[in-house]
Amino acid sequence: MTIDTNDILNSILESLEHIDYIRPSEIPSIDLYMDQVTTFMEENLNRAKRYPDDKILTKTMINNYAKNRLLPAPVKKKYSKEHMLLLIYIYYYKSFLSIGDIQKLLELLTSRYFHNEGEPNMESIYEEVFSLEKGQIERMKADLIESWRISGETFQNTDEEDRQFLQTFSFICMLSFDVYVKKQVIEKLIDEFSAENIDK
């Protein structure tokens, strides 16, 4: 079976165009009960699902996050806008960081900025961090195209069907190595921040 490899690349690049984030203005300013939180997250992060049946955030997950100190406890069973911002961070982080690392990182953030009336605060930090996302898309697309080109030069001496599979496998390996290296850097930074915080 032959696959149009250009279609695969174009599909990947097109999917990057649809990456977006929940803006603070889209999050209700009133505090929400658990069911309202899960409904909001489901509706607004639905496009990030890999499969239709995937769950974005469940009540059990959110309760565990609060129990493990990734998330400050709700007040009278209600979650504030700041809680919602933290849940969005957790949603993205949990795909590549351990619960322990997320807890360390968010504890540093919440200890300084949760319920901070001045600047910076949870909302302004979130807005600035996520606004960088769109600027990164073009650079990511260029990196993907270059990795695709390099992987397309591998396994030139194999038959066509094997070559297509092995070149795609090479592309996956290159992307995986990139993720692995960046994950190592993130973990080192979290450890550094944690060590600094302990020394204070």
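Isoleucine 8 counts as partly exposed because its relative accessibility is 26%, and buried would mean under 20%. This residue sits in helix α1, residues 5–17. The model is predicted.

**Isoleucine 8 and proline 52**
- Isoleucine 8 and proline 52 are 44 residues apart along the chain. Their C-alpha atoms are separated by 21 Å.

**Nonpolar cores**
- The largest nonpolar core has 34 residues. Val37, Met41, Ile62, Leu86, Leu87, Tyr89 and Tyr126 touch the most other members.
- Helices α2 (34–44), α3 (59–67), α4 (81–93), α5 and α6 (122–151) each supply at least two residues of this core.
- Helix α4 gives the largest share, eight residues.
- Leaving aside residues up to four places away in sequence, tyrosine 89 touches Leu106, Leu109, Ile125, Tyr126 and Phe130.

**Helix α5**
- Helix α5 covers residues 99–113, 15 residues in total. From first C-alpha to last it reaches 20 Å, close to the 21 Å expected at 1.5 Å a residue.
- Its buried residues are Asp101, Ile102, Gln103, Leu106, Leu108, Leu109 and Thr110.

**Surface patch**
- Phe177, Tyr180, Val181, Val185, Leu189 and Phe193 make a nonpolar surface patch of about 600 Å².
- Phenylalanine 193 lies in helix α7, residues 160–199. At 45% relative accessibility, phenylalanine 193 counts as partly exposed.

Terms used
Residues are numbered from 1 along each chain as its sequence is written. This is a predicted model: local features need pLDDT of at least 70, side-chain atom pairs count only at pLDDT 80 or more; totals for chains, interfaces and linings use all residues. Side-chain values use heavy atoms; hydrogens and water are left out. Patches are made of residues with over 30% relative accessible area and no salt bridge: like charges are joined within 9 Å, nonpolar side chains (Val, Leu, Ile, Met, Phe, Trp, Tyr) within 5 Å. Accessible areas come from the Shrake-Rupley method with a 1.4 Å probe; for residues, only the protein chains shown count as cover. A salt bridge is a side-chain nitrogen of Lys or Arg within 4 Å of a carboxyl oxygen of Asp or Glu. Helices (H or I, at least four residues) and strands (E, at least two) are DSSP runs, numbered from the N terminus. Buried means under 20% relative accessible area, exposed over 50%, partly exposed in between (1.4 Å probe, protein chains only). The expected span of a helix is 1.5 Å times one less than its number of residues. A nonpolar core is a set of buried Ala, Val, Leu, Ile, Met, Phe, Trp, Tyr and Cys residues joined through side-chain atoms within 4.5 Å. Contact means heavy atoms within 4.5 Å.
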